[in-house]
Amino acid sequence: MEGWTVAPLAGDDELDRVAALEAASFSNPWTREMLARELERPEVTRVYVIRHPAHGIVGFCSCWLIADEIHINSLAVDQLARRRGAATALLGHVLDELAAQGARQATLEVRRSNAAALALYRRAGFVIVASRPAYYNQPEEDALILWCHDLRRRAAPP
């Protein structure tokens, strides 16, 4: 699939789609209300969506920008767009845009078993630095903590 566009979230209709993607992608998802509360803090919270001309919103990334650090809270892509470059395009855009706004590093947690996400983040320049035992539930699982310490020098996603 080509023709991806990435932009900040705009409007309640888009928030409904983001909440639906969140619910479909995670065993313990943020609710629409939780996502809406996050958006009440525009000085910190950023939510980007990726669209395809034929399918509309197919993914999103929710993150915080605090001082010079990005914390990625959630990144999800619809089944139909997986393994087609949507997540790579979305993550690359988010990291580049926030680096242009002053971010120098980025961090996130990911389930130890999430091989696809780990591959995505490694390609974007993240490295595993630690773990959080039993961080996730439903099912219980360790989280791996990943960092990209210098966004200016990260390898651009392919």
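Let me start with L98 and its surroundings. Leaving aside residues up to four places away in sequence, L98 touches R46, Y48, C63, L65, I70 and A103. Keep in mind throughout that this is a predicted model. L98 itself lies in helix α3, which covers residues 86-100. Is L98 buried or exposed? L98 has a relative accessible area of 0%, and anything under 20% counts as buried, so L98 is buried. One further distance for this residue: L98 and E69 are 29 residues apart along the chain, and their C-alpha atoms are separated by 9.0 Å.

Two of the residues on that contact list, R46 and Y48, fall within residues 45-52, the range of strand β2. So how does β2 sit in the structure as a whole? Of its 8 residues, 7 are buried, so β2 is largely enclosed by the rest of the structure.

Strand β2 also has two pairing partners to describe. On one side of the account is strand β1, residues 5-8, which pairs with β2 in the antiparallel sense over 4 bridges. Within that pairing, V6 stands opposite I50 in β2. The other partner is strand β3, residues 56-66, which pairs with β2, again in the antiparallel sense, over 8 bridges. Here V49 stands opposite F60 in β3. How many residues lie between β2 and β3 in their hairpin? There are 3 residues between them.

While we are at β1, a word on T5, which has its place in that strand. For a distance, take T5 and E43: they are 38 residues apart in sequence, and 23 Å apart in space, C-alpha to C-alpha.

Strand β6, residues 127-136, and strand β7, residues 141-148, run antiparallel and are joined by 6 bridges. In this pair, R132 stands opposite A143 in β7. The hairpin formed by β6 and β7 has 4 residues between the strands, and in the turn Q138 has a positive phi of about 55°. What is the form of the peptide bond from Q138 to P139? That bond is cis, with omega near 0°. P139 is found in the loop between β6 and β7.

A67 has a positive phi of about 55°, although A67 is not a glycine. A67 is found in the loop between β3 and β4, where β4 covers 69-77. At 70% relative accessibility, A67 counts as exposed, because the cut-off is over 50%. The other residue is R83, with a positive phi of about 65°, and R83 is not a glycine either. R83 has its place in the loop between β4 and α3. With 83% relative accessibility, R83 also counts as exposed.

Let me step back to the whole chain. The secondary structure comes to 4 helices and 7 strands. Along the sequence, their order is β-α-α-β-β-β-α-β-α-β-β. The radius of gyration is 15 Å, close to the 15 Å that the globule rule gives for 158 residues, so the chain is as compact as a globular protein of that length. Along its principal axes, the C-alpha trace spans about 35 × 35 × 35 Å.

Of the 158 residues, 43% count as buried. Taking the contacts with a separation of 6 or more, 60% are between residues 24 or more positions apart.

Last, the surface and the charges. The accessible surface of the chain comes to about 8,200 Å², and 51% of it belongs to carbon and sulfur atoms. There are 18 positive and 20 negative side chains, and the centres of the two sets lie 7 Å apart.

That is the tour; I will stop here for questions.

Methods:
Residues numbered from 1 in each chain as written. Predicted model: local features only at pLDDT ≥ 70, side-chain atom pairs only at ≥ 80, totals over all residues. Heavy atoms only, no water. Buried < 20%, exposed > 50% of the residue type's maximum accessible area, 1.4 Å probe, protein only. Contact = heavy atoms within 4.5 Å. Rg over C-alpha atoms; globule rule 2.2 N^0.38 Å. Areas by Shrake-Rupley, 256 points an atom, 1.4 Å probe, with all protein chains shown as cover. Lys, Arg positive; Asp, Glu negative; His and termini not counted. Charge placed at Lys NZ, Arg CZ, Asp CG, Glu CD. Pairing = 2+ DSSP bridges.
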